[in-house]
Structures are given as structure tokens and as C-alpha cells.
Amino acid sequence: MGDSKFQFNLQGLNELMKSAEMQAILNDAANQMAAAAGEGYEVESAHPISFVAIASVKAATYEARLDNSKNNTLEKAKGSVKI
């Protein structure tokens, strides 16, 4: 087999990682995760930072924080995300 070379287009990768399309995908995934986790869980800051889009889910209430601490609810909810 011949030698193959692969080179990242870093500018293109950076544009993709902070694009509106990537943000929409991450927002959708975070919303799915929050819904699977249940009451008291919500999507937190869903905005691009300097080099990537970001979305996160947090336990917003005391009950949700207690539930997450005892049951790893957010960790388990990750498995329900379909993208």
C-alpha cells in the first residue's frame, strides 16, 4: 500500500466547532439529556466560547442535586441522547 498523508484544516475545523449548526446540535443534545434526567434539570449556558460551541446540563434544584449525587442521574441521562 502507498503512503497516505492526512492533514487537518485547522481553520475549517475551528469554523465548524463554533458554527451555528454545531451549536444547534449541542443544544438539542443538552435538551434531550435534561428531559431524560427529569424535573429539576435544565440546560445551562448554551453559547459559543472562543473556540468551540458549548451546551451543558445542570441540576438546578436542591432535589435534583441530591438525586444526581445519589443516583448519577446526569451520567445515566447521557445514554439517552440521540444525535
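**Working chat: a predicted model of one protein chain**

Tutor: The protein chain has four helices and two strands. Keep in mind that this is a predicted model.

Student: OK, and what pattern does the chain follow along the sequence?

Tutor: Read along the sequence, the pattern is α-α-β-β-α-α. The radius of gyration of the chain is 17 Å, well over the 12 Å that the globule rule gives for 83 residues, so the chain is more spread out than a compact globule.

Student: What does the C-alpha trace span along its principal axes?

Tutor: About 55 × 30 × 20 Å.

Student: How much of the chain is buried?

Tutor: Buried residues are 22% of the 83 residues. The accessible surface of the chain is about 6,300 Å², and carbon and sulfur atoms hold 55% of that surface.

Student: What about contacts? How many of them link residues 24 or more positions apart?

Tutor: Counting contacts with a separation of 6 or more, 53% are between residues 24 or more positions apart.

Student: Switching to strands. Where does Val 43 lie?

Tutor: Val 43 lies in strand 1, which covers residues 41–43.

Student: Is Val 43 buried, partly exposed or exposed?

Tutor: Val 43 counts as partly exposed, with 26% relative accessibility. The limit for buried is under 20%.

Student: And which residues is Val 43 in contact with?

Tutor: Leaving out neighbours within four places in sequence, Val 43 is in contact with Ala 30, Asn 31, Ala 34, Ser 56 and Val 57.

Student: What separates Val 43 from Gly 2?

Tutor: Their C-alpha atoms are 48 Å apart, and the two residues are 41 residues apart along the chain.

Student: New topic: rings. How many aromatic pairs are there?

Tutor: A search of the whole structure finds one aromatic pair. Phe 6 and Phe 8 form the pair, with ring centres 5.3 Å apart and planes at 85°, so the pair is edge-to-face.

Student: Why does that angle make the pair edge-to-face?

Tutor: Because planes over 60 degrees apart count as edge-to-face, and the planes of Phe 6 and Phe 8 are at 85°.

Student: Last one: how far apart are the mean positions of the positive and negative charges?

Tutor: They are 6 Å apart, for 8 positive and 10 negative charges in the chain.

How values were computed:
Residues are numbered from 1 along each chain as its sequence is written. This is a predicted model: local features need pLDDT of at least 70, side-chain atom pairs count only at pLDDT 80 or more; totals for chains, interfaces and linings use all residues. Side-chain values use heavy atoms; hydrogens and water are left out. The radius of gyration is taken over C-alpha atoms; the globule rule is 2.2 Å times the number of residues to the power 0.38. Buried means under 20% relative accessible area, exposed over 50%, partly exposed in between (1.4 Å probe, protein chains only). Contact means heavy atoms within 4.5 Å. Accessible areas come from the Shrake-Rupley method with a 1.4 Å probe; for residues, only the protein chains shown count as cover. Lys and Arg count as positive and Asp and Glu as negative; His and the chain ends are not counted. The place of a charge is taken as NZ of Lys, CZ of Arg, CG of Asp or CD of Glu. Rings of Phe, Tyr and Trp (its six-membered ring) pair if their centres lie within 6.5 Å; planes under 30 degrees apart count as stacked, over 60 as edge-to-face and the rest as tilted.
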